[in-house]
Amino acid sequence: MAMDGANGVNGPPEKTYLIWGGDGWVAGHLKGLLQQQKQNVFTTTVRMENRESVMAELEHVKPTHVLNCAGCTGRPNVDWCEDNKEQVIRSNVIGTLNLTDCCFLRNIHCTVFATGCIYAYDQRHPPGGEGYLEADPANFGGSYYSATKSKVEELMTTYSNCLILRLRMPVSDDLHPRSFVTKISKYDRVVNIPNSNTILHDLLPCAILLASAGDTGIYNFTNPGAISHNDVLALFKKHVRPQFEWKNFSEEEQSKILKAGRSNCELNSDKLVKRMKVFGVEVKDVHTAYEECFQRMKAAGIR
């Protein structure tokens, strides 16, 4: 059942947002942003695959916009998905499509917080070279999680009400367990490969702008450029935890301790940058965004 509505001071706003996966990490950030904007926002934890329950929730709240932050990523990581494939399909494929379809039938705009972990570096897209565009076909299926995500994305593009935002290695201004920085800061060893990252502080307000404007299609939802694990941790050490140390190992060594492969790639975010300029918003490059993220952490006393 939906909960936590918040009306504007001058009466109910024109738009009503319903966040799916309402008890989750990204969902919580979105809810906070929308409440700060005095928007009418509700959250729900109704299972996406339960069609009757989904339709009942949409009828109850009557949202103009659904923000889908739900899904199965695995705990503690995507290796979990290799042993729970049916549950992954039920949530990430059947559930995601069902929610999108129910919104379509009710003329509701649906934003899906998806993943860019559907690519891997290749000869045409080497590290430091050309980044993957929104229209490039997925080429990474090394994990069951990524394989299902690329397939469902292809199907979702059929829906004229659907906005798909590809996040990668998202980071928040704290040490939340789901944040990429928290994860790699706790590993015994890390690989040192450049990747696209999503700094939530910078990009979640952009998601609200895109949804509110009714944008559809796919956006690579990452800060421009790529940054290596070592560069991230060096900035973390510089601003947040001066005593921090870490060790590296190779992809080959990493593969011996993982059940599933990991996506490493750079996404081209030119489309997002260009669109945000229309709103007067600058999307900062990933190195600048990280520097400012860790500065905010330090100012907040996070260690």
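Let's start where helix H2 meets helix H4: Arg51, Val54, Met55 and Leu58 in H2 are in contact with Asn98, Leu99, Asp101, Cys102, Cys103 and Leu105 in H4. Contact here means heavy atoms within 4.5 Å. The residues of this H2 and H4 contact split into 7 nonpolar, 1 polar and 2 charged. For that count, Ala, Val, Leu, Ile, Met, Phe, Trp, Tyr, Cys and Pro are nonpolar, Asp, Glu, Lys and Arg are charged, and the others, Gly among them, are polar.

Before going further: this is a predicted model, where local features need pLDDT of at least 70, side-chain atom pairs count only at pLDDT 80 or more, and totals for chains, interfaces and linings use all residues. Residues are numbered from 1 along each chain as its sequence is written, and side-chain values use heavy atoms, with hydrogens and water left out.

**Two helix pairs**

H2 covers residues 51-61 and H4 covers residues 85-105; their axes come within 10 Å and cross at roughly 45 degrees. Helices (H or I, at least four residues) and strands (E, at least two) are DSSP runs, numbered from the N terminus. The axes are lines fitted to C-alpha atoms, for helices over the stretch in contact, and angles run from 0 to 180 degrees between N-to-C directions. H2 and H4 are therefore oblique to each other. On this scale, angles under 35 degrees are roughly parallel, over 145 roughly antiparallel, 65 to 115 roughly perpendicular, and the rest oblique. The H2 and H4 crossing is right-handed, meaning that the near helix is turned clockwise from the far one by less than a right angle.

Now for the other pair. The axes of H8 (residues 229-239) and H11 (residues 286-299) come within 9 Å, crossing at roughly 30 degrees. That makes H8 roughly parallel to H11. H8 also passes H11 in a right-handed crossing. On the H8 side, the contact uses Asp231, Val232, Leu235, Phe236, Lys238 and His239, while H11 brings His287, Tyr290, Glu291, Phe294, Gln295 and Lys298. These residues of the H8 and H11 contact divide into 5 nonpolar, 3 polar and 4 charged.

**Some buried residues**

Here are a few residues that count as buried (under 20% relative accessible area; exposed is over 50%, partly exposed in between, with a 1.4 Å probe and protein chains only).

| Residue | Relative accessible area |
|---|---|
| Arg166 | 1% |
| Met48 | 3% |
| His125 | 4% |
| Met169 | 17% |

Met48 sits in the loop between strand S2 (40-44) and H2. Leaving out residues up to four places away in sequence, Met48 touches Trp20, Val54, Asn68, Ala70, Gly71, Ser91, Gly95, Thr96, Asn98 and Leu99. Met48 and Trp20 are 28 residues apart along the chain, with 8.2 Å between their C-alpha atoms.

Arg166 belongs to strand S5 (residues 162-167). Its side chain makes a polar contact of 3.2 Å with the side chain of Tyr119. A polar contact is a pair of N or O atoms within 3.5 Å; within protein, one must be able to donate a hydrogen and the other to accept it, and residues adjacent in sequence count only if both atoms are side-chain atoms. A polar atom of the Arg166 side chain also lies 3.2 Å from the backbone oxygen of Glu134.

His125 is in the loop between strand S4 (109-115) and helix H5 (144-156). Not counting residues up to four places away in sequence, His125 touches Glu130, Gly131, Tyr132 and Asp136.

**Positive phi**

Met169, in the loop between S5 and helix H6 (180-186), has a positive phi of about 45 degrees although it is not a glycine. Lys62, a residue other than glycine, has a positive phi near 55 degrees. Lys62 is found in the loop between H2 and strand S3 (65-68).
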